[in-house]
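Student: I have a model open and would like to go through it piece by piece. Can we start with the helices and then move to the strands?

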Amino acid sequence: MDIRVNTPEIQDQMNKLFSSILLEQQKYMFVKKADEEKAHLVETQLQEYTNNRGKGFFYNYMSSGRGHGPFTELIDGSIKYDLIGGIGPNILGHSHPLYIKAHLESACSDTVMCGNLQPYPEAAALTNLLIKNVEGSRLKHFWYTGSGSFANDLALKLIWQKKEPKYRMLACTKAFAGRSVATQDITHNQAYREGMPQSVEVDHVPHFDHNDPENALQNTIDALKAAVKANPNQHCALMMEIIQGEGGFIFGPKEYYEGVFEWAKENDLYIWIDEVQTFGRTKELFAFQNMGVEKYVDIVTVGKALQVCGALFTEELNPKPGLIAGTFNGSLTALNAGEKIVRYLTEGNFYGDNGRISELEKTFIAKLNHLAKTSCKGKINYAGGIGTMIAFEVGDASKEVTVAFIKKLFQNGIIAFMAGSGPTRVRFLLPLSLTDENIDEIFRIIDQTVNEVVK
Ligand SMILES: Cc1ncc(COP(=O)(O)O)c(C=O)c1O
């Protein structure tokens with residue numbers, strides 16, 4: 001398809017610009033401390049930004065827009081490993097050639113955003129690609145939304161319209177569904193909805209329990225039964241993250257999900273899977289494919305690594321006209337980059353038992369377990385996760401110790417985040433651009449930092 005302005009001259013300039021940008025960005029590929037003369041910059045700029053937005057930031061962190069692969073530079077001149085990627089979007093790492101290409105191509109288009117009254121080939125191509133990648137399931141349609149939370153709002157609306165007047169939801173303890181008016185009720189953490197009126201009635205049941213794997217399925221089903229018995233004929237759906245992200249990467253085996261979903265289907269509930277955080281990050285493009293539960297899913301929400309957000313749903317859930325619309329699908333760059341990312345992931349050697357994602361999972365968990373047995377004995381007490389979603393516990397796994405650890409880790413050159421409470425875990429959402437040399441250096445920094453923080 002012939003799209004965007006293009007002439008031999010534009011193509012020539014674009015190729016030169018692409019090479020120049022990439023060559024410049026590749027200069028930022030090592031850990032470095034802040035420059036003395038720039039050290040104050042993050043603090044000053046963040047102070048003004050903080051005053052204006054009314055809330056502070058977790059880290060003293062303002063990106064300079066420079067960085068490559070797993071590395072990112074801050075405006076104080078420091079360069080760090082970015083192992084959290086903005087909580088998920090940066091799956092390929094910084095200034096990946098495909099990101100640069102998507103930006104340059106979009107500059108040759110005639111607008112910035114596209115949407116429902118302004119369709120562009122970029123949006124169509126990504127939708128078609130996503131649908132092609134869920135061929136083994138009953139998912140037939142995809143609709144864009146402005147965020148992961150709104151993708152979940154959309155899912156809820158489609159389910160409600162079909163199930164009217166059964167509006168009550170089932171979700172899991174430790175679930176995170178977002179912060180919109182509706183999803184804040186599905187999110188389990190009450191501290192995230194202080195002072196809010198309840199807009200969705202939700203019963204939370206336990207997810208898989210690593211500490212009691214034999215009884216986990218029965219415990220979940222018993223809790224589901226009790227919730228349905230307490231409010232008979234009122235529930236419409238079960239919402240589950242196959243791997244709970246904010247919960248600390250909690251997940252069970254295939255049989256666990258099969259058991260839960262069989263029960264849900266027998267009880268006439270839609271199965272809604274939230275893959276906003278997990279999309280792209282397991283041994284398959286979708287975590288529901290990784291678990292082999294394709295036949296059960298009715299609606300799946302995505303975001304983050306895709307660069308845009310939305311919901312995939314079955315023919316049955318296609319809503320009546322008027323229920324869904326909205327100005328934006330996303331920016332042309334984001335849609336173009338999303339399509340390039342999905343192609344790169346599915347056409348490259350990332351998925352499957354021998355793919356790079358599986359290798360990264362095994363390497364990180366093995367190296368963390370090695371530290372736990374050697375130089376960090378008694379100081380790292382759990383290491384786990386799946387795919388590029390890695391979590392571990394430091395010291396007593398309290399929030400205080402974990403925050404102290406990740407702040408020190410930041411100073412020492414690695415950006416990470418935390419997840420879960422009781423225990424609180426250190427969380428990595430790894431970029432796929434990590435080399436084995438990078439990993440060795442990362443583990444030297446982790447080892448040093450654990451021993452600095454936990455005495
Ligand atoms: C599982 C899950 N669902 C929904 C969301 C909300 O997405 P967004 O922050 O884009 O609204 C998140 C964000 O962290 C998430 O991890």
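Student: In which hand does α1 pass α3, left or right?

Tutor: This is a predicted model. In it, α1 passes α3 in a right-handed crossing.

Student: At what angle do the axes of α1 and α3 cross?

Tutor: Roughly 140°, for helix α1 at residues 8-25 and helix α3 at residues 97-107, and the axes come within 10 Å. Angles over 145 degrees would count as roughly antiparallel, and α1 and α3 are therefore oblique to each other.

Student: Which residues meet there?

Tutor: From α1, Met14, Leu17, Phe18, Ile21 and Leu22; from α3, Pro97, Ile100, Lys101, Leu104 and Glu105. By class, the contact of α1 with α3 has 8 nonpolar residues, 2 charged ones and no polar ones.

Student: Now the sheet with β4 in it. What is the strand order?

Tutor: The order is β4-β10-β9-β8-β7-β5-β6, an open sheet of 7 strands with mixed pairing. The edge strands are β4 (139-145) and β6 (202-205), each of which pairs on one side only. Neighbouring strands of this sheet are turned by 20° against each other on average, direction ignored.

Student: How do β8 and β9 pair, parallel or antiparallel?

Tutor: Strand β8, residues 270-275, pairs with β9 in the parallel sense, over 4 bridges. Ile273 stands opposite Val300 in β9.

Student: Which strands does α4 lie across?

Tutor: Helix α4, residues 121-132, lies across β4 and β10. The angle at which α4 runs to β4 is about 140°.

Student: Switching to β13. Is it buried or exposed?

Tutor: Buried. 6 of the 6 residues of β13 are buried, so the strand is largely enclosed by the rest of the structure.

Student: Which residues point which way from β13?

Tutor: Met389, Ala391 and Glu393 point one way, while Ile390, Phe392 and Val394 point the other way. All of these are buried, Glu393 included.

Student: What about pairing with β12, and how many bridges are there?

Tutor: Strand β12, residues 380-386, runs antiparallel to β13, and 6 bridges join the two. In that pairing, Ile386 stands opposite Met389. The hairpin of β12 and β13 has 2 residues between the strands, and Gly387 takes a positive phi near 60° there.

Student: And in β16, which residue is the bridge partner of Met389?

Tutor: Leu429 is the partner of Met389 in β16. The β13 and β16 pairing is antiparallel and extends over 4 bridges.

Student: Which residues of β16 are on each side?

Tutor: Arg425, Arg427 and Leu429 are on one side, Val426 and Phe428 on the other.

Student: How does β15 pair with β16, parallel or antiparallel?

Tutor: Antiparallel, with 3 bridges joining β15 to β16. Arg427 in β16 is the bridge partner of Phe417. Their hairpin has 5 residues between the strands, and Gly420 takes a positive phi near 75° in it.

Student: Where is Pro423?

Tutor: Pro423 is in the loop between β15 (417-419) and β16 (425-429). A cis peptide bond joins Gly422 and Pro423, with omega about 5°.

Student: Which residues does the cis bond at Pro165 join?

Tutor: That cis peptide bond joins Glu164 and Pro165, and omega is about 5°. Pro165 has its place in the loop between α5 (148-163) and β5 (168-172).

Student: Last topic, backbone angles. What phi does Lys304 have?

Tutor: Lys304 has a positive phi of about 40°, although it is not a glycine. Lys304 lies in the loop between β9 (299-302) and β10 (309-314).

Student: Why does Lys304 count as partly exposed?

Tutor: Lys304 has 23% relative accessibility, so it counts as partly exposed. The cut-off for buried is under 20%.

Student: And Ala397, where is that found?

Tutor: Ala397 is in the loop between β13 (389-394) and α12 (399-412). Its phi is near 60°, a positive value in a residue other than glycine. Ala397 is buried, with a relative accessible area of 8%.

Technical notes
Residues are numbered from 1 along each chain as its sequence is written. This is a predicted model: local features need pLDDT of at least 70, side-chain atom pairs count only at pLDDT 80 or more; totals for chains, interfaces and linings use all residues. Side-chain values use heavy atoms; hydrogens and water are left out. Axes are lines fitted to C-alpha atoms, for helices over the stretch in contact, and angles run from 0 to 180 degrees between N-to-C directions. Angles under 35 degrees count as roughly parallel, over 145 as roughly antiparallel, 65 to 115 as roughly perpendicular and the rest as oblique. A crossing is left-handed if the near helix is turned anticlockwise from the far one by less than a right angle, and right-handed if clockwise. Contact means heavy atoms within 4.5 Å. Ala, Val, Leu, Ile, Met, Phe, Trp, Tyr, Cys and Pro count as nonpolar, Asp, Glu, Lys and Arg as charged, and the others, Gly among them, as polar. Buried means under 20% relative accessible area, exposed over 50%, partly exposed in between (1.4 Å probe, protein chains only). Two strands pair if DSSP finds at least two bridges between them.
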